Amino acid sequence: MSQSKEGTPPGLYSRYRRLSLGVKILIFMGVGVIVGILAGERALVLEPLGDLFIRLLMMSVIPLVFFNLLAGITSLTDVSALGRLGGKIMLYYMLTTTVALTLGLAVMHFLKPGVGMQLAAQVDETFGDVPSVTEVFLGLVPENPFEAFATGNVAQVVVFAIFLGVVTLLLPQASRETLQNAFNVLAELFRKLVGVIMYFGPIGIGALTAATVGEYGAVIFGPLALFIGGVWGAQAIMVVFYMLLLVTF
């Protein structure tokens, strides 16, 4: 066991700092469950902490996706390389999406997590309507990219980044290199910002857990727990699938 300079074992806080982010989040989620059970609806006073964390995360994630894509696309040598890469990405996307949809439908059909859940609000009659293929493709192209950023429409932000990245590759070399350097720096900046925000992730998620358990009480451990467990279980299977693809190819 590692020891401090004085020869004594490390303290509890030192051990906590060495834990991974995922373990820290699980610890605070457990603490949040206990606080929610003991405090009841009084735990709702912690909800603003969780909401603040979510807002900070959303503030940084959309620009992170945008500039990371731009940095990756503009690092290519030419547009033809992007075409070859794009074909592989589309094949990968279609494969993984098909597997994810099939797995999700299978897990939800087996667990039936909606049985016993009561919706608090009236559901719109149009909810669940399948859009046409034309509507789906048109919905990917933003009429106003700033609106896409403001509303958090990730798909439209991605499409805008792809078009901007392709056009950047068509610029003269001097201009292209200037933009490449700028995109790389901005991508690094937002990665650092997300890292700083995630440092407070365990507190924010713990606060949300406490507020949720305090508000809904034992109901959350029934059908909702089954739903959450089904989602997390399917996601864990998909992670294993992704890792197998990485190892294989």
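Me: How do the residues lining the largest pocket divide into nonpolar, polar and charged?

Reply: The lining has 17 nonpolar residues, three polar and no charged. Ala, Val, Leu, Ile, Met, Phe, Trp, Tyr, Cys and Pro count as nonpolar, Asp, Glu, Lys and Arg as charged, and the others, Gly among them, as polar.

Me: What are the ground rules for the numbers?

Reply: This is a predicted model, so local features need pLDDT of at least 70 and side-chain atom pairs count only at pLDDT 80 or more, while totals for chains, interfaces and linings use all residues. Residues are numbered from 1 along each chain as its sequence is written, and side-chain values use heavy atoms, with hydrogens and water left out.

Me: Which lining residues lie nearest the centre of the largest pocket?

Reply: Ile 89, Met 90, Val 158, Val 159 and Ile 162, out of 20 lining residues. A pocket is an open set of points on a 1 Å grid over the protein atoms alone, where a 1.4 Å probe fits, with protein on both sides within 12 Å along at least five of seven lines; lining residues have an atom within 4 Å of a point.

Me: How much space is in there, and which helices supply the lining?

Reply: About 910 Å³, taken as the space filled by probe spheres set on the points, which are joined across faces, edges and corners. H3, H4 (79-111), H5 (133-140) and H7 each supply at least two lining residues.

Me: Switching topic. What is the secondary structure of the chain?

Reply: 10 helices and zero strands. Both are DSSP runs numbered from the N terminus: helices are H or I with at least four residues, strands E with at least two.

Me: And the largest nonpolar core, how many residues?

Reply: It has 17, with Phe 66, Phe 67, Leu 70, Val 157, Phe 183 and Met 198 making the most contacts inside it. H3 (47-74), H7 (154-169) and H8 (173-198) each give two or more residues, and the largest share, seven, comes from H3. Such a core is a set of buried Ala, Val, Leu, Ile, Met, Phe, Trp, Tyr and Cys residues joined through side-chain atoms within 4.5 Å.

Me: What does Phe 67 touch?

Reply: Phe 183, Leu 186, Ala 187 and Phe 190, leaving aside neighbours within four places in sequence. Contact means heavy atoms within 4.5 Å.

Me: Last one: why does Thr 209 count as buried?

Reply: Because its relative accessible area is 13%, and buried means under 20% (1.4 Å probe, protein chains only). Thr 209 sits in H9 (201-216) and touches Met 29, Gly 32 and Val 33, not counting residues up to four places away.

How values were computed
Buried < 20%, exposed > 50% of the residue type's maximum accessible area, 1.4 Å probe, protein only.
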